[in-house]
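Please work through each task before reading its solution.

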Amino acid sequence: MRGAMSQPVLYRGARLATLADPAGGLGLVEDGALLVRDGRIAYAGPLAGLPAAAAAGAEPVDCGGRLVTPGLIDCHTHLVHGGERSNEFEMRLAGATYEEVARAGGGIVSSVRATRAASDEALLGGALARLDRLIAEGVTTVEVKSGYGLDLATEARSLRVARRLGEARDIGVRTSFLGAHALPPEAAGDKDRFAGLVADAMLPALVAEGLVDAVDGFCEGIAFSPAQIARVFDAARGLGLPVKLHADQLSDLGGAALAARYGALSADHLEHASEAGAAALAAAGTVAVLLPGAFYFLRETQRPPVAAFRRHGTRMAVATDYNPGTSPLTSLLFAANMAATLFRLTVDECLAGITREAARALGLLAETGTLEAGKWADLAVWDVERPAELLCRIGFNPLHRRIRRGIAS
């Protein structure tokens, strides 16, 4: 298969999962057709409903009955970093907790040391190797966070490398400034002062360079308090930037409610979120991003309150949370499998979570995440019999073709 911006392409003989069903299902269409013109979807629906005149001059492409979904979206990653942390894996196998690893000099601060020491080209090369694994599974958009620099110079370098990923590969990249990720050694334990530095100095400088699409933070006992995160979020609001939050992963500090209060695009992790937190997210339209890779890797037992999310109508996305220490996972399909097996999400919820709801979590739903006329032609074509097969076959990549903005690869 191939696509072209200069000539319309008609993909026919497809089984579409449009994810555009207002009721929230997969929006399955048998004997479907997709008309792509100038990189955007001009029609998505039954072949019988496509006017012949609309497809005049289009290059026909037979999908052979394959399943076509929106291109996958990984809405939470930490792809840019130096070093690796397999020693911490061994520590946890010996019984150390997340907090104990961090307090022993490991954790995020370990990656900070390695990232500061790495060259830009080393950071780019490592991130591209990880990104290529995601692309090979049909990912067409990815979010990339900073947060392993924790000083202005290295945060800027990391975000520039993240921007370069979108230049080196055919993929959409959204950047999140995660300066409030951890306390660097030079902060001498003063979290209030460092949060002020992030809000008042780092963020404006990075925004002035055009490096920031959203602002993130880690609200947790081993990271920053709600008040400290609020200071950063107030600065983001003043600059007109959306916010996201690592919330309620290890304890309930009210992170979900904090994210909701700021109208955050997403609140992520949420293993310890309360019923009230779930309701607040739903009321604010903030997406709950579930990260089963970290849950699995850290051998956690407290699951996110999925039943509460369903009761209140909270939107749920799923992401890899790729990072070197607590979720070294570069398979979004496996993340979706774990969301089903560990968190009990349905097939429909999982597939929506790595397409439509992931787009919503990045503020991109108007442009991608579903197969609808007017949106970018970001597609994945799969060699599967039914949608559930995308989730159930561990380590199996059934991608037949990836198409981004109408161009097939």
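**Exercise 1: The domain interface**

Across the interface of domain 1 and domain 2, nine residue pairs, both members at pLDDT 80 or more, are in polar contact (a pair of N or O atoms within 3.5 Å; within protein, one must be able to donate a hydrogen and the other to accept it, and residues adjacent in sequence count only if both atoms are side-chain atoms). The model is predicted: local features need pLDDT of at least 70, side-chain atom pairs count only at pLDDT 80 or more, and totals for chains, interfaces and linings use all residues. Residues are numbered from 1 along each chain as its sequence is written, and side-chain values use heavy atoms, with hydrogens and water left out.

Task: Determine which elements give two or more residues to the side of domain 1 that touches domain 2.

Solution. 
1. The elements are β14 (379-382), α15 (389-392) and β15 (399-404); helices (H or I, at least four residues) and strands (E, at least two) are DSSP runs, numbered from the N terminus.
2. Of these, β15 gives the most, with four residues.

**Exercise 2: Area and charge across the interface**

Task: State what area domain 1 and domain 2 bury between them, and identify the side chains that meet in a salt bridge with arginine 404 as one partner.

Solution. 
1. The domains, whose bounds come from an automatic or database domain assignment, are domain 1 (9-71 + 371-408) and domain 2 (72-362).
2. They bury about 1,900 Å² between them, 61% of it on carbon and sulfur atoms; buried area is the accessible area (1.4 Å probe) that two parts lose on being put together, summed over both.
3. Leu391, Arg402 and Arg404 supply 34% of the area that domain 1 buries against domain 2, more than any other three residues.
4. The count between the domains is one salt bridge (a side-chain nitrogen of Lys or Arg within 4 Å of a carboxyl oxygen of Asp or Glu).
5. Arginine 404 pairs with aspartate 170 in a salt bridge at 2.8 Å, N to O.

**Exercise 3: A charged pair in a helix**

Task: Is glutamate 357 buried or exposed, and where does its partner arginine 360 lie?

Solution. 
1. The closest N and O atoms of the salt bridge between glutamate 357 and arginine 360 are 2.6 Å apart.
2. Both residues lie in helix α14 (residues 356-361), three residues apart, about one turn of the helix.
3. Glutamate 357 counts as buried at 2% relative accessibility, whereas arginine 360 is partly exposed at 22% (buried means under 20% relative accessible area, exposed over 50%, partly exposed in between; 1.4 Å probe, protein chains only).
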